[in-house]
Amino acid sequence: MPLTNLPAFAPDLIADLEGLGTERVDTPVIQPAEPFLDMAGEDLRRRIFMTESETGKSLCLRPEFTIPVCLRHIETATGTPRRYSYLGEVFRQRRDGANEFYQAGIEDLGEPDIARADARIVRDALHVIGNRLPGMALSVTLGDQAIFEAVVAACGLPAGWQKRLIHAFGNPAQLQKLIADLSDPAPSGVFGPEVERLARLGILDDEAKLIAHIDATMEATGYSTNASRSPAAIARRLREKRELASTRLDSRTLALLKEFLALELSLAEAPQALAAFADKARLSLGAALERFDARVAALREAGVDPATIIYRAAFGRPLDYYTGLVFEITPAGETSVLVGGGRFDRLLTLLGAKERIPAVGFSLWLDRIASAGGAAA
């Protein structure tokens, strides 16, 4: 299917983005695939279009702009704070719509005032989409990865379970399945008779004995080892899997986790509701709650009324690199996402930056905006 032309509003959109103090940049359509495979999340990984170079290097058609813009920033050794804007084609499989489409957006890198930068990016997103769809009622939904992580940690879950739940944030079906697994752990015997025999003998609970047993078994069977499948690595993974399978939260903690995920209310009311939840649950949400409150205050200072935004505790976006704020803008009463964004403070370091660079941004789906504008006309 041929790529449709840019919407008529594209020149005005570019002017809006540049008027928000950004530098417009472009990135190659052909990108190294590894950063997306490692950092973007399963939802994106399974949708990208892959190829190989003549030397066997994995490449892909650009599926989004955040990672390429961050890589460009690192490669050019540009200082921060820095605000970039972009408009160009992206290529990925979608459930609805063409697999080739245009996106535009802003990446705000290096602003040390996190609350101010978060508020500014939400305000800018509302400004840009409002100019494209004047008079249209919009719905803004906001979540917070950091609050969710703080609640999971405060519930006392094993590290492996915390990692699983955090990874599932933004995927409601997967998150609900994991919570169901926590309420009904795997029955005894799921790992086979040999593992259960080791457990009965106490070997599974003694790391040194377990490593020695695996080492002897591998030597006797002629199994070759490498760094990732050493006896120590196998023992560690086996014990972790068994702990995950046997972990069961008490009914009170499960009820608290479900109560938190059910929170959905005006952002103006959210700080008080979260504080009340933490007090009732006797959970310390610490710095995450302080940052949440500071963001709400910064939104007011930026001219955005928190009462017009919905906070949903279970809301996330299906990209692994988000670390705090996440948000989406849709036409009121509809599910088609016109704008999506959030904070990704770990991403630049993972991509090779020598120092931590706080970052936040948003993307606009131009074809959806054009369709929404046409429907409203």
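The buried residues of helix α12, where buried means under 20% relative accessible area with a 1.4 Å probe and protein chains only, pack against α6 (145–154), α8 (172–183), α13 (270–281) and β9 (309–312). Contact here means heavy atoms within 4.5 Å, and helices (H or I, at least four residues) and strands (E, at least two) are DSSP runs numbered from the N terminus. This is a predicted model, in which local features need pLDDT of at least 70 and side-chain atom pairs count only at pLDDT 80 or more, while totals for chains, interfaces and linings use all residues. Residues are numbered from 1 along each chain as its sequence is written, and side-chain values use heavy atoms, with hydrogens and water left out.

Helix α12 itself spans residues 251–261, and its buried residues are Thr253, Leu254, Leu256, Leu257, Phe260 and Leu261. They lie on the same side of α12 because they cover an arc of only 160° around the axis, the arc being that of the directions from the helix axis to the C-beta atoms.

Seen as a whole, the protein has 16 helices and twelve strands, and of its 377 residues 49% count as buried. Among the contacts in the protein with a separation of 6 or more, residues 24 or more positions apart account for 68%. The accessible surface comes to about 18,100 Å², of which 51% belongs to carbon and sulfur atoms; such areas come from the Shrake-Rupley method with a 1.4 Å probe, and for residues only the protein chains shown count as cover.

Turning to the strands, β5 (residues 82–91) is mostly covered, with eight of its ten residues buried. Strand β1 (residues 23–24) runs parallel to β5 and is joined to it by two bridges, with Arg24 standing opposite Ser85 in β5. Strand β6 (residues 100–109), by contrast, runs antiparallel to β5 and is joined to it by ten bridges, and there Glu89 stands opposite Tyr102 in β6. Two strands are said to pair if DSSP finds at least two bridges between them.

An open sheet is formed by three strands in the order β2-β4-β3, with antiparallel pairing. Its edge strands are β2 (30–32) and β3 (50–52), each of which pairs on one side only. Neighbouring strands of this sheet are turned by 40° against each other on average, direction ignored, where axes are lines fitted to C-alpha atoms, for helices over the stretch in contact, and angles run from 0 to 180 degrees between N-to-C directions. Three bridges join β2 to strand β4 (residues 58–61), and the bridge partner of Gln31 in β4 is Cys60.

Two single residues complete the tour. Asp345 is found in the loop between β11 (339–343) and α15 (347–350), and it counts as buried because its relative accessibility is 10%. Its side chain is joined to that of Arg356 by a polar contact of 3.2 Å, a term for a pair of N or O atoms within 3.5 Å, of which, within protein, one must be able to donate a hydrogen and the other to accept it, and residues adjacent in sequence count only if both atoms are side-chain atoms. Leaving aside neighbours within four places in sequence, Asp345 is in contact with Ile114, Thr323, Arg356, Ile357, Pro358 and Ala359.

Ile211 has its place in helix α10 (residues 207–221), and at 24% relative accessibility Ile211 counts as partly exposed, a class that lies between buried and exposed, the latter being over 50%. Ile211 and Pro231 are 20 residues apart in sequence and 5.4 Å apart in space, C-alpha to C-alpha.
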